[in-house]
Each structure stands twice: as structure tokens, then as C-alpha cells.
Amino acid sequence: MALLRRLLQLSVLLIQSGGWGVAPSPTDEGTLRAGHGEHGEPGHQEQHKDSYSTFASEFLESRYLSDDGYPFPTAPPVDPFAKIKVTDCGVTKGCIRYGKPGCDAETCDYFLSYRRIGTDVEYEMSADTDGWVAVGFSSDKKMGGDDVMGCVHDDNGRVRIHHFYNVGQWAKEIKRNPARDEEGIFESNRVTCRFKRPLYVPREETLVDLHLSWYYLFAWGPAIQGSITRHDIDSPPVSDHMISIYKYEDIFMPSTAYQTFNSPLCLLLIVALTFYLLMGTP
């Protein structure tokens with residue numbers, strides 16, 4: 001009993017001296033609640049905030065810093081379609097322009113360029129249309145039995161490269177497509193594309209060897225749901241001589257509106273009319 005009485009006295013002394021803590025007063029209880037939860041646990045909001053801050057800091061350091069503590073370099077922005085350069089025409093690539101004198105890849109009615117890259121030929125095409133633009137490789141300047149590469153603007157806004165074969169006056173799409181590294185864009189009411197095609201291909205009726213010379217057929221026109229329709233003009237332009245990919249030329253072909261004034265007959269009529277006006281009538 002004496003020992004038990006002694007333990008009780010020690011307990012009272014500890015409580016009074018604050019060794020085990022005392023029951024909080026109303027004021028102290030409010031202070032404690034500001035930093036604790038409902039059941040006396042630390043406040044969930046502050047715990048979550050501190051944990052999130054620590055996690056975010058560690059994540060950012062591991063994600064954006066190298067082992068040496070330096071930020072990783074960011075990748076440069078990628079140009080979705082590099083513009084066609086006409087300053088290279090006749091120098092490092094061949095070009096054919098159809099339209100107004102002095103036009104370029106963005107203003108010609110039709111524009112085509114070609115250049116050799118290793119065992120491939122890179123073609124660039126552009127035309128004033130919202131549908132399709134194409135080039136055909138012919139042995140006789142006439143449409144029919146020709147290997148054709150076309151760039152078609154579909155309803156989703158994409159420009160895709162297709163392979164066709166001219167059957168008479170109509171282009172039939174061929175599943176075997178030799179094009180690669182395809183790029184295309186529809187902008188400012190123009191269809192523009194770029195692609196590569198092998199110089200040499202296995203012998204097949206619908207594919208020609210580009211190391212040989214061919215007449216180039218140029219055409220463009222509207223498309224319906226990604227399918228080509230008849231070309232815009234009744235008689236599409238054709239190169240006046242066979243084109244060789246080993247010879248980089250810069251060829252200009254005036255469109256119909258400018259061909260009229262360049263014809264010999266038209267010039268003769270203009271000279272005759274001018275002479276008549278100057279001399280006057282008798």
C-alpha cells in the first residue's frame with residue numbers, strides 16, 4: 001500500500017508539472033484544431049500541400065535536369081513544309097513553270113521541280129487548285145498508257161501522294177505506290193507537295209524508269225472526297241521535248257492567256273494594224 005500511494009503522488013506531481021500534458025482549455029483547443037484534423041491528426045490539407053510540393057519539385061528535377069543538374073536542351077520547332085525554292089532552278093534542280101511570265105512556285109498556274117538524290121528523284125509540285133496536281137511520264141506527248149504521280153487534297157485537309165495509270169483519258173489509281181518521304185500542304189488555295197521516287201524500278205507496265213527521258217504531262221483540277229475529277233483545262237500542257245533528270249533546266253511555258261500574244265500570227269496582225277493606223281487611210 002505504501003508503494004501504491006507513492007506512485008499516485010508521483011503521477012499527480014507529473015501532471016501538475018506538465019510532464020504528461022494537461023487537458024487543453026477552449027482557447028488552446030481552437031489553436032490546436034487550426035493545425036490538426038478532426039481526430040487530433042495533422043491537418044490533411046497542409047499535409048497534402050506539403051507532400052505535393054515535394055513530389056512536384058522532385059519530379060521536375062528528375063524530368064528536366066540532367067545528371068549534372070543542367071536543363072536538357074529543347075528540340076527546335078519543326079517546319080511542317082519547307083517552301084519550294086526557285087533560286088535553285090536550273091542550278092541544283094530542274095524546274096518547269098506554267099503561267100504568267102516571271103511566276104514562281106506560289107504564283108504559277110502549275111509548277112514542277114525535279115532533282116536527283118542518291119538513287120531517288122525528288123519531285124516538288126504546286127498548282128492553283130483546291131483539288132489535285134499531277135505529272136505524267138509519256139513517250140508520245142499524248143494521254144493514255146502513262147505513269148502518273150498525283151498529290152490529292154482530301155476532305156480532311158490532308159494532301160496525299162497517289163500513283164495513277166492513264167487508261168485512255170482517265171486516270172486509274174494503282175495500289176502500288178513508289179512514292180516515299182511524302183510531304184504535302186494545302187494553303188492559299190494551292191495544293192503543294194514533295195516526294196521521292198526511285199530512279200530504277202522493276203519492269204512493270206504502270207511504272208517507268210526515271211533514268212530515261214520522257215515527255216512530261218502536267219495537269220491539275222478539282223477533287224471530290226479525295227478522288228480526282230477531270231482536269232481544269234481541256235488540253236493540259238505538255239513539255240515540248242523529252243525531259244532528262246540528268247539535265248537541270250529552267251523551262252517557262254506561258255499559259256493560254258499569254259500564248260496568244262506570243263504567237264507569230266498575232267504579232268504579224270499587230271504590226272499590220274500599227275502600220276495601218278500610222279499611215280492612215282487614203
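Q: With which residues is Tyr110 in contact, leaving aside its neighbours within four places in sequence?
A: Contact means heavy atoms within 4.5 Å. In this predicted model, the partners of Tyr110 beyond four places in sequence include Ile96, Tyr98, Met125, Val133, Phe218 and Trp220. Residues are numbered from 1 along each chain as its sequence is written, and side-chain values use heavy atoms, without hydrogens and water. Local features need pLDDT of at least 70 and side-chain atom pairs count only at pLDDT 80 or more, whereas totals for chains, interfaces and linings use all residues of this predicted model.

Q: Which residues touch the most other members of the largest nonpolar core?
A: In soluble globular proteins, nonpolar side chains tend to be buried together. A nonpolar core is a set of buried (under 20% relative accessible area, 1.4 Å probe, protein chains only) Ala, Val, Leu, Ile, Met, Phe, Trp, Tyr and Cys residues joined through side-chain atoms within 4.5 Å. Here the largest core has 31 residues, and Tyr110, Tyr123 and Tyr216 touch the most other members. Its largest share, four residues, comes from strand β3 (residues 120-127). A second, separate core of eight residues includes Trp132 and Phe164.

Q: What is the strand order of the open sheet?
A: Strands of a sheet pair through backbone hydrogen bonds, either parallel or antiparallel. Strands are DSSP runs (E, at least two residues), and two of them pair if DSSP finds at least two bridges between them. The five strands here run β7-β6-β5-β4-β10, with antiparallel pairing. Because β7 (170-173) and β10 (215-221) each have a single partner strand, one side of each is left without a neighbour in the sheet.

How values were computed:
Buried < 20%, exposed > 50% of the residue type's maximum accessible area, 1.4 Å probe, protein only.
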